Amino acid sequence: MELYIGGYAQGKQEYVRSKKSGQDVEIVPDLHLWFRQLLVEEAEIKATEIKAAAAKAAEVKAEQVVLTYCEEHPDCVLICDEIGNGIVPMDQTERAYRERLGRLLIELAKRADRVERIICGIGQRLK
Amino acid sequence: MIYLVTGGSGSGKSAYAEQLMEQASGEKYYIATMRVRDEEGEQKVARHRKIRRDKGFVTIEQSVDVGRIEIPRGDRSSALLECMSNLVANEMFAEGQIREPGPVTEKVVADVLRLGRQVERLVIVTNNVFEDGISYDPGTMAYLRALGAVNCRIADLADQVTEVVVGIAVQIKEAVCPY
């Protein structure tokens, strides 16, 4: 598994696609958007107040979905926006999104064979 | 030689850019891109002009169309363009309109290249405003895409790309020393 992180509009996808061209790898182009959607789904399940569903909520914890995906796709390439370098938002959902994605990225970076940060279309190898 | 310097607010990127200029010989030009709207802006510009004159810079005020700048030929001059985030905003949000990011990107890159051909050293300061995760209004998101694309294009053409973090210059793309 490889992780590519960087700010919005920094040319991450072009960078990864040109690097991996011709290779048969599974690319997750916007991990942050996927994770955000998983958080929405998680919140919806919790809000149902149906016991069976609430019990199921533990299974669909957003972080676990991503980690399971990585275990099932050991050669995948994850691309994610850096979203944590701004003012901490007042809104709880926005705050949780940044905090939980940040923590998840730390875990993914530990497991990754390679971590790069893209800025101005140029990759910096961090791991 | 084109040098691209990026970093956050207060990172020390301007000071590093000035250091790069100190190494250059010949006339030094400072291309100021801030658009002056009122008296407060005029006072700020006058103050900055004086500070830069003391540092040996000739200031050129150019809030758009930096490709129109004519640098006098013959001297081994250098120029500092500060900053790209202002320039792209001025090009994009003019006369109450929002221009498309694609054409804005092409225009700014072409303008910068024309400017770069006229000087021995062009130092460009840009701004890392891409990491806060906020979904702004469509106009601002389009602006971020334009600025991001301009940065990528210029970084690709540049001889050196540097990110300044807490005043420390981290080389992203290093100039190859020919000696």
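Me: How do you know that the radius of gyration of chain B agrees with that of a compact globule?

Reply: Happy to walk you through that, and keep in mind that this is a predicted model. A compact globule with 179 residues would have a radius of gyration near 16 Å, and chain B has 16 Å, so the value agrees. Along its principal axes, the C-alpha trace of chain B spans about 45 × 40 × 30 Å.

Me: What share of the residues of chain B count as buried?

Reply: Of its 179 residues, 41% count as buried.

Me: Why is His48(B) called partly exposed?

Reply: Let's set its value against the cut-offs. His48(B) has 16 other C-beta atoms within 10 Å. In UniProt, an unreviewed entry places the feature "active site" at His48(B).

Me: What makes strand 3 and strand 7 of chain B edge strands?

Reply: Start with the order of the sheet. Chain B has an open sheet of seven strands in the order 3-2-4-5-1-6-7, with mixed pairing. Strand 3 (57-61) and strand 7 (168-173) each have a single partner strand, so one side of each is left without a neighbour in the sheet. From one strand to the next, the twist averages 20 degrees.

Me: How do you know that strand 1 and strand 6 of chain B are paired?

Reply: Count the bridges! Two strands pair if there are at least two bridges between them. Strand 1 (residues 2-7) and strand 6 (residues 160-165) of chain B are joined by five bridges, and they run parallel. As one detail, Thr6(B) stands opposite Glu163(B) in strand 6 of chain B.

Me: What pattern does chain B follow along the sequence?

Reply: The pattern is β-α-β-α-β-β-α-α-β-α-β-β, made up of five helices and seven strands. As for contacts in chain B with a separation of 6 or more, 77% of them come from residues 24 or more positions apart.

Me: How many residues of chain A are in contact with chain B?

Reply: 17 residues of chain A are in contact with 20 residues of chain B. On the chain A side, they divide into eight polar, six nonpolar and three charged residues.

Terms used: Residues are numbered from 1 along each chain as its sequence is written. Chains are lettered from A and ligands numbered from 1 in the order in which they are written. This is a predicted model: local features need pLDDT of at least 70, side-chain atom pairs count only at pLDDT 80 or more; totals for chains, interfaces and linings use all residues. Two residues are in contact if their C-beta atoms, placed from the backbone, lie within 7 Å. Ala, Val, Leu, Ile, Met, Phe, Trp, Tyr, Cys and Pro count as nonpolar, Asp, Glu, Lys and Arg as charged, and the others, Gly among them, as polar. UniProt positions are given in the numbering used here, feature names are shortened, and annotations may be inferred rather than shown by experiment. A residue is buried if 20 or more other C-beta atoms lie within 10 Å of its own, exposed if 12 or fewer, and partly exposed in between; C-beta atoms are placed from the backbone. Helices (H or I, at least four residues) and strands (E, at least two) are DSSP runs, numbered from the N terminus. Axes are lines fitted to C-alpha atoms, for helices over the stretch in contact, and angles run from 0 to 180 degrees between N-to-C directions. The radius of gyration is taken over C-alpha atoms; the globule rule is 2.2 Å times the number of residues to the power 0.38.
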